[in-house]
Amino acid sequence: MHASRPARAGGAVGGGRVRLLRALALGTAAYGVVSNTSILFTLVTPLYVLTGPIHGVIGIVSYRIVAFGRPVYPPPLDMASFLSIIVITSSTLNIAASAALFYLLIKGRFSKTALEAFMASSLTMFVSLGTLKGIRRVVVYELSILTGSYSHYTSAGAVIIYRSRAHPMLAAHLFSFPAYVSLVMPYVCGAVASYLLAMYWLKGAEADALGEVRSLSGRTRGSPAAE
Amino acid sequence: MISAAVLAFIILMFLGRIIGLPVAIIIVSGRSMQPTLWVGDLVVGVKEGFKVGDIVVWCLKPTFCVVHRVVEVRDGYIVTKGDNNPAPDPPVPRSLVEYRVVAVIPRYVWVPAVAAAFAAYVFKHREYFSRRRVATGDVAVLLLSSFIVFNAAVALLAPTYYPRGAGVLAVPQVELRSASLTGNGSILVKYVVRNTRLTSVAYCYLRLKGWGSVRCSARVVGGSEVLVTDVPQRLYEAMIENGSNPLLVGLVVNMLYGRVSGTYYVWCGWRPLRVRVSGGVVSIFNPNPAPLKVLIKIYTASKPGPANVSVEHVVMKPWGRMRLDLRRYAYASVRIVYRFRGREVVLQYGVRP
């Protein structure tokens, strides 16, 4: 990872805006680490515990359900588990990129690679968060089926099957209420901030390089980056 | 060049299901076929005929397919079942079957093979990668494009979809097989029980027209039958005497995971007593599965003249027999009186030894 001091790059180009963008990138990087850790927590820990004739544990990545004495494997939950690979990949990538960018920004360094990685991983979160919401919807729908009524009427009369109860766990409450837009918005800010920072960094680097060339050629002008 | 051709062929095989090629490779993404197929295994499907016992791929949409075993074929429909599922899938039209699975590539074979091939490719081109200068935007483009390709592969190649998850559940089923009187006057209610078993009787009552409800006791026999034991005798007597039919049996039966509550009609085909006189012996048979109150008057004499009369009130047990030996009397006759279907029946027999 190529990292350089910001004093020459960002500092030389639009100082106030750069500070704002740095603060924005820092904040979104921190948000990325926290929110994606929460997403991974949501994925790997149980969302609901079922009790009753259909009992077990339902998570997104994994589940264990025993229905009427026999283990069952509902295909929608398998699908959710399979599709969670997308979210896991994206979240892991974003945690790594966010942590790296956060570290570099705290240290007062800029890195083009880190900014690009953060921007790309922030963009992947658009897909990832949409997938996560879709997966959660599948899981909740399947849960409503599992905890639904199986009572019915036959020639023997009313066959009343006891209903199962779903107890939501901590992970079930995470990311359940906010709208998709509100979840995605920080990543949009992060992507834009990192993009603009990268652009400023490039401009600054070019300006520095240009200044060095001009000073080598004997011209005595102020830094072009100060424009 | 060769590696590009192999890669193109593999991609074509993976897309075969979507574009309808005669041969396709599909990733198993569910646990319903364990232990035959595991999550991540690749199956090779070909478009050809199938029979019961084959594993087939049927698809509702090109991207939504199910890899299950055929358990029944009938009239244009097939029934499939995951080896690991307790219940079969709902029947689907035969036309939905796309492929018959002819080969399985376990995940522990193809995943290391692909990883090794990728590592070999990178190793072979290591000089190119080490010399290559990372230009602005390369990292972002590489990450985004890799993510898009990965997502597309996951979303398109995983053949997992099901309209409703409850299809795989073995929901307890209880149906009535019969409700009838037994030889000893009890009532036996037989059920057809699937995926559960009856455990105890929570409530039992009998109802007869003109009698209201009468509590009864009952117990579960063998997990699928209920025996109503203490039916009040006066109820049967009333039924036989008045010809009341049917008897209504109400049961609330506890079972694993729930209970069954139902009322069942028990029709009683009451028949008159069968009496046979032969060689000075009178045989009386109660052909009913319920006790019957009978008044028996026996007239006996050793010589012509006044006769001795003995009166006996008898409750004939269900399918009970009675034998009157009158051979020692020179003259004898029997009068049998009982109420049957709302009227009094009188039978008179002269017995001549």
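Strand 3 (residues 54–58) and strand 4 (residues 63–67) of chain A run antiparallel and are joined by five bridges; strands count as paired if DSSP finds at least two bridges between them. The two strands form a hairpin with four residues between them, and A:Val57 has A:Arg64 in strand 4 as its bridge partner. Helices (H or I, at least four residues) and strands (E, at least two) are DSSP runs numbered from the N terminus.

This is a predicted model, in which local features need pLDDT of at least 70 and side-chain atom pairs count only at pLDDT 80 or more, while totals for chains, interfaces and linings use all residues. Residues are numbered from 1 along each chain as its sequence is written, with chains lettered from A and ligands numbered from 1 in the order in which they are written.

Strand 4 of chain A also pairs with strand 5 (residues 70–72) of chain A, antiparallel, over three bridges. A:Ile65 stands opposite A:Val72 in strand 5 of chain A. Two residues lie between strands 4 and 5 of chain A in their hairpin, and A:Phe68 in the turn has a positive phi of about 55°. The covered face of strand 4 of chain A holds A:Tyr63, A:Ile65 and A:Ala67, and the uncovered face holds A:Arg64 and A:Val66.

Chain A as a whole has five helices and nine strands, in the order β-α-β-β-β-β-α-β-α-β-β-β-α-α along the sequence. Of its 227 residues, 43% are buried; a residue is buried if 20 or more other C-beta atoms lie within 10 Å of its own, exposed if 12 or fewer, and partly exposed in between, with C-beta atoms placed from the backbone.

In chain B, strand 9 (residues 187–194) has B:Ile187, B:Val189, B:Tyr191 and B:Val193 on its covered face, against B:Leu188, B:Lys190, B:Val192 and B:Arg194 on the uncovered one. B:Leu181 stands opposite B:Ile187 in strand 9 of chain B, and B:Lys190 has B:Glu225 in strand 13 as its bridge partner. Five residues separate strands 8 and 9 of chain B in their hairpin, where B:Gly185 takes a positive phi near 85°.

| Strand | Partner | Bridges |
|---|---|---|
| strand 8 of chain B | strand 9 of chain B | eight bridges |
| strand 9 of chain B | strand 13 (residues 225–228) of chain B | four bridges |
| strand 8 (residues 157–161) of chain A | strand 15 of chain B | four bridges |

Across the interface, 42 residues of chain B are in contact with 41 residues of chain A, contact being C-beta atoms, placed from the backbone, within 7 Å. On the side of chain B that touches chain A, two or more residues come from each of helix 4 (138–157), strand 8 (173–181) and strand 15 (258–266) of chain B. Helix 4 of chain B gives the largest share, eight residues. That side of chain B consists of 22 nonpolar, 16 polar and four charged residues. Here Ala, Val, Leu, Ile, Met, Phe, Trp, Tyr, Cys and Pro count as nonpolar, Asp, Glu, Lys and Arg as charged, and the others, Gly among them, as polar.

Helix 5 (residues 233–242) of chain B has B:Tyr236, B:Met239 and B:Ile240 as its buried residues. Seen down the axis of helix 5 of chain B, they fall within an arc of 90°, so they line one face of the helix; the arc is taken from the directions from the helix axis to the C-beta atoms. The buried residues of helix 5 pack against strand 10 (198–208), strand 14 (247–255), strand 18 (292–301) and strand 21 (331–340) of chain B. Just after helix 5 of chain B, B:Gly243 has a positive phi of about 70°.

Methods. Two residues are in contact if their C-beta atoms, placed from the backbone, lie within 7 Å.
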